[in-house]
Amino acid sequence: MDDTLIHYLRGMEAMLKQIEACQNEIRQFTAQDAEALEQFRIRFLGVKGIIKSMMGEMKLVPVDQKKSFGQVMNSFKLLAEEKFESEKSRLSSGSSSEQRDIDITLPGHPLSTGSRHPVTLMRNRIVEIFQRLSFTVAEGPEIEDDWHNFTALNLDEHHPARDMQDTFYLSTDPAILLRTHTSNVQIREMERTQPPIRIICPGRVYRNETISARSHCFFHQVEGLYIDTNVSFADLKQTLYFFVKEMFGDDVNVRFRPSYFPFTEPSAEMDISCMLCKGEGCAVCKRTGWLEILGCGMVHPNVLKNCGIDPETYTGFAFGMGIERPALLKYGITDIRLFSENDVRFLEQFTGA
Ligand code: DAH
């Protein structure tokens, strides 16, 4: 053997030893974190890493040994690559030893459960009472046309409720508006189907009013409608008496005052005795002992006609009430703006279904 060959073989032996040492190191390697893994990659698989530089030696290997040396290098490289991939996925699946050290016996973070909005609670209570009288829930659009919000309800063109100050109209199309009351749903239901109709319609309504503690530019209403043969004002009163007793309790008194709505004839407003002062008179009832709760009446024949229902055959009653007002009374809230401010400290005080 000549000197160069001996020298070369010694070199090869040293290299194989180095490869073996590296392979042991790789097998035992676990990455503590992403940084350690990157160091690993640079050291073995990087452009200036161990494997690349050893591959560079390939050209010095005699032809008859190239194949076996190549195989050694390939399995070396494969080992490093597999280790890199497996460590990488282990770190990204969050099972690094760092995270495995978490003390699983520690108490967890308590889950905070949400609560229903007071307006939702009040709406559900109202709806549930009328459902017991066989009313079903109907809904309609908040973006409405003039016909369903006004004209079909017997509100002629010059009625003050159409005043630009009260109604939000679409600037691009003044025939479209945000509904000012849930009475639009009566019209849609009467157009859709023939009597008997017995519906309750909860929903949000909009009016162009200055926001204050007592009024807002949007609020909620529940509309009721009952159309059939022989429906009388006595039926209306009895239905509302039942509602008041269920809602506010047996000792609350009720009174009807004559009123005017274009869509009902005759029309009335219903008051209940103030539950705060028991009718004695206080700041909430403005010393009258009474609280106004809703508007109601017998559906105007023109409204029935507008919806294709024969007023000679059918009669009916309707009523509409706000939801915020009874909620203010029930929960003793003094500022209506709290309902829409989304302050969790306010909202989490209400419980119920
Ligand atoms: N739509 C009326 C309002 O917003 C409330 C109302 C009154 C509805 C009388 C009715 C009714 O159905 O008969 O003030």
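This is a predicted model: local features need pLDDT of at least 70, side-chain atom pairs count only at pLDDT 80 or more; totals for chains, interfaces and linings use all residues.
I began at S183: an N or O atom in its side chain sits 3.1 Å from a nitrogen atom of the ligand. Residues are numbered from 1 along each chain as its sequence is written, and side-chain values use heavy atoms, with hydrogens and water left out.

Next I looked up H181, which has a polar side-chain atom 3.0 Å from a nitrogen atom of the ligand. For Q221, I found a polar side-chain atom 2.9 Å from an oxygen atom of the ligand. How much of the ligand does the protein bury? Taken alone, the ligand exposes 350 Å², and the protein buries 89% of that (Shrake-Rupley method, 1.4 Å probe; for residues, only the protein chains shown count as cover).

**The shell.** I listed 15 residues around the ligand, and H181, S183, R207, Q221 and E223 come nearest (a residue is near if one of its heavy atoms lies within 4 Å). The shell divides into five nonpolar, eight polar and two charged residues. Here Ala, Val, Leu, Ile, Met, Phe, Trp, Tyr, Cys and Pro count as nonpolar, Asp, Glu, Lys and Arg as charged, and the others, Gly among them, as polar. Helix 8 (183–192) and strand 5 (218–228) are among the elements that each supply at least two shell residues. Helices (H or I, at least four residues) and strands (E, at least two) are DSSP runs, numbered from the N terminus.

**Helix packing.** I checked helix 2 (residues 34–45) against helix 4 (residues 63–92): they pack at about 165°, with axes 11 Å apart. Axes are lines fitted to C-alpha atoms, for helices over the stretch in contact, and angles run from 0 to 180 degrees between N-to-C directions. So helix 2 is roughly antiparallel to helix 4, since angles under 35 degrees count as roughly parallel, over 145 as roughly antiparallel, 65 to 115 as roughly perpendicular and the rest as oblique.

The peptide bond from P195 to P196 is cis, with omega near 0°, and P196 lies in the loop between helix 8 and strand 4 (197–206). E265 and P266 are also joined by a cis peptide bond, omega about -5°.

How values were computed: A polar contact is a pair of N or O atoms within 3.5 Å; within protein, one must be able to donate a hydrogen and the other to accept it, and residues adjacent in sequence count only if both atoms are side-chain atoms.
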